[in-house]
Each structure stands twice: as C-alpha cells, then as structure tokens.
Amino acid sequence: MLKQRIIKAPRCFISKCSFSTGNSNYDLKLHSAREDINSLLEVHDRSSYILAQYIPEPARDAFLAIRAFNLEINKISDGGNNPNSVSSKASNQLSGSMGISTSDIKFKFWSDLLSRVFTDPMSDKNLGEPIAILIRDSLRNDLNLDLSYFHQFLQTRKHFLQTKSFQTVNDICSYGEGTYSQLNYLTQGLLLSPSISPSAISLLEHSTSLQSKVSDISAHIGQATAIGSMILGLKYYASTRNQVTLPIDLMTKFDLSQESVLRLTQGHLKNENDIRDVREKLKNITYETAVTANDHILSARNKLDKSREEILSIVKSHPNDKILQKHQKRWRKSIPDVVFTPFMVAIPTTLYLQKLEKYDFDIFHPKLQQQEWRLAWTSFRNYYQRRI
C-alpha cells in the first residue's frame with residue numbers, strides 16, 4: 001500500500017547565501033568529510049556517485065550524505081554466520097549479559113547522533129562522522145531535511161535484521177517503503193528547499209494532487225529498488241549471513257527450500273543435477289519477484305506522464321503567478337529539474353531488471369556480476385528526455 005505524502009510548503013524564503021563560520025578548521029573538516037563520502041560512494045555505490053552530478057550543487061553534499069547513510073546502515077549486521085568470528089562472539093556476549101546486540105548499539109549510535117545534529121545544528125562539537133558533518137552543514141544552510149525519514153529507515157532496517165526473511169513480495173515492498181522510499185522522500189524534500197527551487201514550490205502549492213503524484217512516484221521507485229536489491233543481494237546475504245532474501249511463499253510454490261539455496265550459494269552443493277535443479281527453480285522465483293518490481297517502475301512512469309500533463313494545466317491556469325511563468329519555460333519536457341532528479345534513482349534498478357530479463361533471470365549468470373557500464377550514458381539521456 002502506497003502512503004500519500006503531501007509536500008509541505010515552506011513558510012518563508014531564505015537567502016541563497018551559504019552558511020559560513022569564517023573558521024578555516026570548520027571548512028577543512030567539511031572538505032574532508034565531502035572527500036571521504038565521495039570516495040566511499042565511488043567505490044561502493046557508483047550509481048549514487050554518478051547521479052549526484054545531477055543534484056544542484058547547494059544540495060549535493062546532503063544528497064551524498066543520504067546515500068552514504070544508506071550504505072553505512074546496510075553494513076550493520078548481527079555478527080554474520082560464523083559463530084567463531086569476533087563480531088559474532090561480541091554480539092553473543094552482549095546479548096547474554098545485557099540483552100542487547102552489537103547491532104542494537106550501532107542503530108542507537110546513529111539514532112542518537114542524528115537526533116543531536118538535528119536538535120542543535122549550530123553546535124561546534126566534533127561529530128567525527130562525515131555523514132553527520134555534511135548533514136549538519138546542510139541544516140545550517142536551511143536546506144529541508146526531515147529527521148523522521150532517517151529514523152523510519154533505521155527502524156525498518158533494524159526490523160529486517162530481526163526477521164531475516166520476507167514471507168511475500170509485498171513484505172519486500174513494505175521494507176522498500178520503510179527504507180528506499182524514505183531516502184527518496186528525503187531527497188525530494190531537500191531539492192524543494194526555498195533557496196533552491198522557489199518556482200517548483202510555487203507549482204506544487206497550486207495542487208495537492210500533483211504533490212501526491214510526486215510522492216507516489218518516489219514510493220513506487222523505493223519499492224522497486226528494494227525488490228531489485230534483494231534479488232541482487234541474494235548471493236551476498238545467503239553466503240555471509242545465512243539469509244535468503246526471496247519471498248518464502250514463492251519458494252514454497254516452486255518447492256525450493258532455503259537450505260538448498262544456502263548450500264548452493266555457500267558451495268556445499270556438489271551434484272550437478274542438484275545444482276541445475278536449484279538454479280532452474282531460482283529462475284522462476286526470481287522472475288515472479290522481478291515482475292512486481294517492474295510493475296512498480298511502470299506505475300512510476302505512468303504517474304510521471306500524468307504529472308507532466310498536470311504541470312502544463314497548472315501553468316496554463318495560473319497566468320498571474322510571476323515566479324511560475326518566469327521559470328516554466330526552462331523546464332525540460334515541462335518538468336522542473338528538482339521534481340525530476342530525485343526519480344533518477346530508479347535508473348539503476350531499471351537497468352538491472354533489463355539485464356535480469358536478458359539473461360533469463362539467472363542470478364548466477366557471470367554478466368549479472370559485472371559493473372553496469374550503461375548508467376552514465378543512460379542517466380544523461382534520461383535526464384534530458386525526462387524518463388525513468
């Protein structure tokens with residue numbers, strides 16, 4: 001179920017000037033944090049690294065921080081599948097003596113850190129964490145960031161670590177709404193900061209219907225992203241965390257046990273006939289799971305087309321809105337940059353779904369393990385054509 005979210009109109013316009021302390025030490029820490037996060041994304045999330053180039057420069061640091069936040073939280077685990085590893089032993093000891101795990105401590109660290117940043121963004125206390133440094137600087141520059149989206153992401157991810165599986169594909173969609181959609185809402189609100197997009201804000205203020213469509217697109221994309229990430233991440237989760245991330249009901253439908261998947265991914269399945277049988281069943285499960293992701297992408301595209309039509313209608317029916325009339329001529333394909341660019345995070349998922357189909361939904365196909373070289377060109381083309 002998609003949640004309707006109304007984009008809140010800002011109460012006032014602010015100066016476009018960036019916050020400056022005149023403190024060279026502050027500027028040095030900010031520069032260092034930016035470099036650290038750029039390096040992190042370039043290596044571990046190249047899609048976000050590339051898509052960041054389409055974000056207006058005043059908001060780019062915050063976008064990088066949002067995407068790096070996703071990476072860092074996804075690293076949190078309950079100790080992995082090796083009971084003899086240091087992390088597993090530490091987690092078990094904490095759980096036995098204090099009733100908490102190392103993952104609980106890490107989630108609380110991030111929750112407390114973000115709350116501290118949002119509560120007192122003008123504080124000069126050393127945060128130490130590059131993500132928090134960039135978020136604090138963005139808040140100091142009066143950019144729109146909502147703490148509740150970060151907290152919802154943390155809660156959903158923590159719940160996933162506790163449950164470890166999805167009963168149905170709709171459960172993956174719910175997970176996507178609580179994680180990737182939250183990141184999309186964050187980016188959406190960020191780019192609708194008054195100093196960045198007064199004309200887009202004016203446009204959205206004229207129509208709650210358009211606001212709902214824009215939010216729904218982000219929701220659809222978040223749910224499709226979650227499904228794609230769980231298909232892509234199956235080998236990693238199964239081999240390192242003893243988790244199978246495909247829907248249990250579909251596995252039951254095709255008579256495939258979680259144990260068989262774990263044995264295959266961990267290299268314990270030796271008989272060629274058994275390997276072939278498990279892979280064929282996985283293809284069917286992957287196909288039916290991917291269909292739902294594709295449906296969400298199609299829904300997002302449909303609502304994007306309807307949004308374009310509604311934008312044209314709003315512009316036409318408000319000839320006296322000077323801000324609107326002044327800027328709408330520069331909107332590519334009638335859609336403002338700040339409305340469209342948050343939707344570009346759908347492109348990596350779309351490309352992955354296309355590759356899945358090309359290689360017959362065989363998640364073990366070598367070509368699916370290769371880096372996606374088409375993203376740079378596809379994102380450039382889709383940006384100008386306003387496609388996702």
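Predicted model: local features only at pLDDT ≥ 70, side-chain atom pairs only at ≥ 80, totals over all residues.

How much space lies in the largest pocket? About 1,500 Å³ lies there, where a volume is the space filled by probe spheres set on grid points that are joined across faces, edges and corners. Residues are numbered from 1 along each chain as its sequence is written, and side-chain values use heavy atoms, with hydrogens and water left out.

A pocket, on a 1 Å grid over the protein atoms alone, is an open set of points with protein on both sides within 12 Å along at least five of seven lines; a cavity is a set where a 1.4 Å probe fits but cannot get out, and lining residues have an atom within 4 Å of a point. The largest pocket has 43 lining residues, and nearest its centre lie His44, Asp45, Ser47, Ser229 and Leu232. Helices, which are DSSP runs of H or I with at least four residues, are numbered from the N terminus, and H11 (208-232) is among those that supply at least two lining residues each. By class, the lining holds 21 nonpolar, 13 polar and nine charged residues, where Ala, Val, Leu, Ile, Met, Phe, Trp, Tyr, Cys and Pro count as nonpolar, Asp, Glu, Lys and Arg as charged, and the others, Gly among them, as polar.

Turning to cavities, there are three of 30 Å³ or more.

Finally, helix packing. The axes of H5 (residues 102-119) and H6 (residues 130-140), which are lines fitted to C-alpha atoms over the stretch in contact, with angles from 0 to 180 degrees between N-to-C directions, come within 9 Å and cross at roughly 25 degrees. That angle makes H5 roughly parallel to H6, because angles under 35 degrees count as roughly parallel. Where the helices are in contact, meaning heavy atoms within 4.5 Å, Trp110, Leu113, Leu114, Val117 and Phe118 of H5 meet Ile131, Ala132, Ile135, Arg136 and Leu139 of H6. The residues of this contact divide into nine nonpolar, no polar and one charged.

Note on methods:
Parallel < 35°, antiparallel > 145°, perpendicular 65-115°, else oblique.
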